[in-house]
Amino acid sequence: MKIVSKVYTFLVFLFLYAPILVMILFSFNSTSSTSVFSGFSLEWYKALAEDEATLRSLYNTIILAISSSAIATVLGTAAAVGIDKFKKGPVRSGVMAVTNIPMTNPEIVTGISMMLLFVFVGRLVSRDAVLGFGTMLIAHVTFNLPYVILNVLPKLRQTDRNLAEAAQDLGCKPVTAFFKVVLPSIMPGIITGMIMAFTLSLDDFIISYFTSGPGFQTLPIAIFSMTKKRVKPDMYALSAIIFVSILVLLILYNIAQSKSEEKTKKK
Amino acid sequence: MSSRSSLKSKLVASPYLVWSVLFIVAPLIFVVYYSFTDASGAFTFENITALSKYAPTFLRSIWFGIEATIICLIIAFPLAYIISQKTEKVQRTMVMLVMLPMWMSFLIRTYSWMALLQDTGIINSLLGKIGIDPIHMINTEGAVILGMVYNFLPYMIMPIYSVMAKLDHSMVEACQDLGGNRLTVVRRCIIPMSMPGIVSGITMVFVPSVSTFYISQKLGGGSFDLIGDVIERQFQQSYNYNLGASLSLVLMVLILISMAVMNRFTGEDEEGMVI
């Protein structure tokens, strides 16, 4: 039974990683083929360093992810604090139902619905090229918001309400009480929400595809227009670099986590 | 005093409420509006009546979605169980390995499957080396399903695993003590207890599978149009926003219905944590 489960685990992980291994292997290919390996070379990594359009879109992707996750975190945390004060009832359930829409709706529907709004408003103000960084930012903030709110709300419920009141009794203004007492205790939820928002924004293709204009391209959109014809292996090289950096980050995070767990165990 | 300060703290939600009306509710109203108007803005049922032409595409999308979801469930359930039986440290590493591929662009990963599945691709050249004739895989229904299973499998593994990891082990032991053999324990004990994870896994795989548009184009070679492909074309090629909107409206309603059916199986908390 043990061997069966080991083989099974191996096969599933092989399935999950097969295309990634292929991608890494062919990023070192000496020809531009993505199916026949003809020899080791670093040519595509060199080509990547000179490929300004790709690097530009990578830069755009990061800018968009940072700004959208920052806005979503502030807006979403404030929203969660407010919603937490709402009494159980139709208003609260209504707000929660709307909050859930971007998560449960198919991404393609979210994408086109926002595109319709932008195009309609664009026609009203008679501007043709309305789609661009601004519209993408709005779209990304919108689909990031529920992830922030749904990570902060449970933390707020776990926070002892008397703490904030005690702080106020001791002479804190409500705002100071919030920043000194409530905020630290919901911080883990805020950070998880922000990281989720950041990674979702980084990787989003479908919603970006419908809300972006020719002036502002992100990496997934650049990849998409490339895969319509042929993907050059320098894109594989970039993906390999991204893969390795995420892997390293995750391993470091894992080590840090197990170390802090050991510490708490010793105490 | 206390009621005034609580009113104030309710007010901090107002920027979000305005935002959600403008960018969540209003866009959906526009989908409805475009569905029932023509290019000049006049009211019409034309887009809705034109939908009957797309009935086969809708059916194919739903069928492919169901197939992909079932296969994901069959693959994910044993793996989630295996992971949940490991020590905490191993569990964390394996969960990380399940999530890691999701951080890579799904476009690149799907494209890379093309290289694997092609007639002269990597799998066939490996098969050739051990003397097996090439198998035609790309541009088949199977390839499209494979693409869906591949892309959405982690969405099935994660929720099932997180329920199983919290599962009370003494319940499983009690089940064994009552004389259940391995199969009975799984069927009467582990499956019912991990039902919430299974249900959210099913929705998390089914929704993106039904509405996908890239996978079918790349791995199906254009011969297995799904509803997402048709919608995408209305917006990016033929610029028929009105027909596109009505197709999306139907897709949305369809998914809402299937979610409502699924939710009848569990009384899930609407404010539960994400994964």
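Which residues does T159(A) touch, not counting residues up to four places away in sequence? The legends below start there. The model is predicted.

**View 1. T159(A) sits in a loop between two helices of chain A.** The loop joins α6 (133-158) to α7 (161-169). Leaving out residues up to four places away in sequence, T159(A) touches V182(A), S185(A) and I186(A). Is T159(A) buried or partly exposed? T159(A) has 18 C-beta neighbours inside 10 Å, so it counts as partly exposed. A buried residue would need 20 or more. A177(A) is 18 residues from T159(A) in sequence. Their C-alpha atoms are 13 Å apart in space.

**View 2. Chain A is built from helices, with 0 strands.** The chain has 11 helices. Its radius of gyration is 23 Å, well over the 18 Å that the globule rule gives for 267 residues, so chain A is more spread out than a compact globule. Along the principal axes, the C-alpha atoms of chain A fill a box of roughly 75 × 65 × 35 Å. Of the 267 residues, 38% count as buried. Take the contacts in chain A between residues at least 6 apart in sequence: 75% of them join residues at least 24 apart.

**View 3. Helix α4(A) has three named buried residues: T99(A), I101(A) and P102(A).** The helix has 15 residues. From first C-alpha to last, α4(A) reaches 20 Å, close to the 21 Å expected at 1.5 Å a residue. What covers its buried residues? The cover includes α5 and α6 of chain A, together with α2 of chain B.

**View 4. Chains A and B meet through 68 residues of chain A and 68 residues of chain B.** On the side of chain A that touches chain B, the elements giving two or more residues include α1 (2-26), α3 (52-85), α4 (90-104) and α8 (174-203). Helix α1(A) supplies the largest share of this side, 13 residues. By class, the side of chain A that touches chain B has 49 nonpolar, 17 polar and 2 charged residues.

**View 5. Helix α14(B) packs its buried residues against both chains.** The partners are α5 (107-124) of chain A and, in chain B, α2 (14-35), α3 (46-49), α11 (195-211) and α13 (227-236). The buried residues of α14(B) include Y241(B), L243(B), L247(B), L251(B), M252(B) and I255(B). Among them too are N242(B), G244(B), S246(B) and S248(B). The 23 residues of α14 (residues 241-263) should span 33 Å at 1.5 Å a residue; the end C-alpha atoms are 32 Å apart, which agrees.

**View 6. M156(B) and I157(B) have the most contacts inside the largest nonpolar core.** How many residues does this core have? The core has 130 residues. Helix α8 (residues 141-165) of chain B gives the most to it, with 16 residues. Beyond its neighbours within four places in sequence, I157(B) is in contact with A76(B), L79(B), A80(B) and V98(B). In soluble globular proteins, nonpolar side chains tend to be buried together.

**View 7. Chain B has 14 helices and 0 strands.** Its C-alpha trace spans about 80 × 70 × 30 Å along the principal axes. Buried residues make up 40% of the 275 residues in chain B. Among contacts in chain B with a separation of 6 or more, residues 24 or more positions apart account for 72%.

Technical notes. Residues are numbered from 1 along each chain as its sequence is written. Chains are lettered from A and ligands numbered from 1 in the order in which they are written. Helices (H or I, at least four residues) and strands (E, at least two) are DSSP runs, numbered from the N terminus. A residue is buried if 20 or more other C-beta atoms lie within 10 Å of its own, exposed if 12 or fewer, and partly exposed in between; C-beta atoms are placed from the backbone. Two residues are in contact if their C-beta atoms, placed from the backbone, lie within 7 Å. The expected span of a helix is 1.5 Å times one less than its number of residues. Ala, Val, Leu, Ile, Met, Phe, Trp, Tyr, Cys and Pro count as nonpolar, Asp, Glu, Lys and Arg as charged, and the others, Gly among them, as polar. A nonpolar core is a set of buried Ala, Val, Leu, Ile, Met, Phe, Trp, Tyr and Cys residues joined through C-beta atoms within 7 Å. The radius of gyration is taken over C-alpha atoms; the globule rule is 2.2 Å times the number of residues to the power 0.38.
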